[in-house]
Amino acid sequence: VKSADGDVADLSALVCRELEPKNGALVHIAGTVVAGDLAAQLGAKGFSLRRAVLYEAKPAMKLSQRLVESLRNNDLDAVIFFSPRTAATFVTLTRRAGLEQAVRNVDVFCLSPAVANAAGDLPWRKIRSARQPELTALLDEIDAAR
């Protein structure tokens, strides 16, 4: 197992460094929504890629009542986001609920700079991003902040 430690361009570069197109097709296990076009990037380098969709993540349509109450009562200290899509959904739903100012005393911890960018449209107390896009690095960031 190897990690590209980045985005789709980094993954494509890792594949090109480690594998040969002549050795056969690759399978890309993914959800219904993906960031970037891995097939096109690898196809340009001679690779054949088959995408296998194994899950679908559907965004929430509204914040839960419990979360709304926690935001209104200033009960949250931190929020963790693992994907740009989740962060953007939270931003949209928080605005829709009129709770933008409720995050002023909340830190946000993000798996990557892309996630932090998607979360950045709210007035968080502090936005923090893991040094590498992996869970252990995110947990280290949380530990360092506490």
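1. Strands β3 and β4 (residues 107–110) run parallel and pair over four bridges; two strands count as paired if DSSP finds at least two bridges between them. Within this pairing, I80 stands opposite F109 in β4. Strands here are DSSP runs of E with at least two residues, helices are runs of H or I with at least four, and both are numbered from the N terminus.

2. The model is predicted, so local features need pLDDT of at least 70 and side-chain atom pairs count only at pLDDT 80 or more, while totals for chains, interfaces and linings use all residues. Residues are numbered from 1 along each chain as its sequence is written, and side-chain values use heavy atoms, with hydrogens and water left out.

3. The order β3-β4-β5 makes up an open sheet of three strands with parallel pairing. Because β3 (78–81) and β5 (126–129) stand at the edges with a single partner strand each, one side of each has no neighbour in the sheet. On average, neighbouring strands of this sheet are turned by 20° against each other, direction ignored.

4. Helix α6 (residues 135–145) packs on this sheet and touches β3, β4 and β5; contact means heavy atoms within 4.5 Å. The direction of α6 makes about 155° with that of β4. Such angles run from 0 to 180 degrees between N-to-C directions, with axes fitted to C-alpha atoms, for helices over the stretch in contact.

5. Strands β1 (residues 26–31) and β2 (residues 49–55) also pair in the parallel sense, over six bridges. Between them the chain passes through helix α2 (residues 38–43), and this β-α-β crossover is right-handed: with the strands pointing away from the viewer, the path from the first strand over the helix to the second runs clockwise. A30 has V53 in β2 as its bridge partner.

6. The whole structure holds three aromatic pairs. Rings of Phe, Tyr and Trp (its six-membered ring) pair if their centres lie within 6.5 Å; planes under 30 degrees apart count as stacked, over 60 as edge-to-face and the rest as tilted. F81 and W124 are edge-to-face because their planes are at 75°, with the centres 6.2 Å apart. F81 is in strand β3 and W124 in the loop between α5 (113–119) and β5, 43 residues apart.

7. F90 and W124 form a stacked pair, 5.8 Å centre to centre with 25° between the planes. F90 lies in helix α4 (residues 84–96), so this pair ties together parts 34 residues apart in sequence.

8. F81, F90 and W124 form one aromatic cluster.
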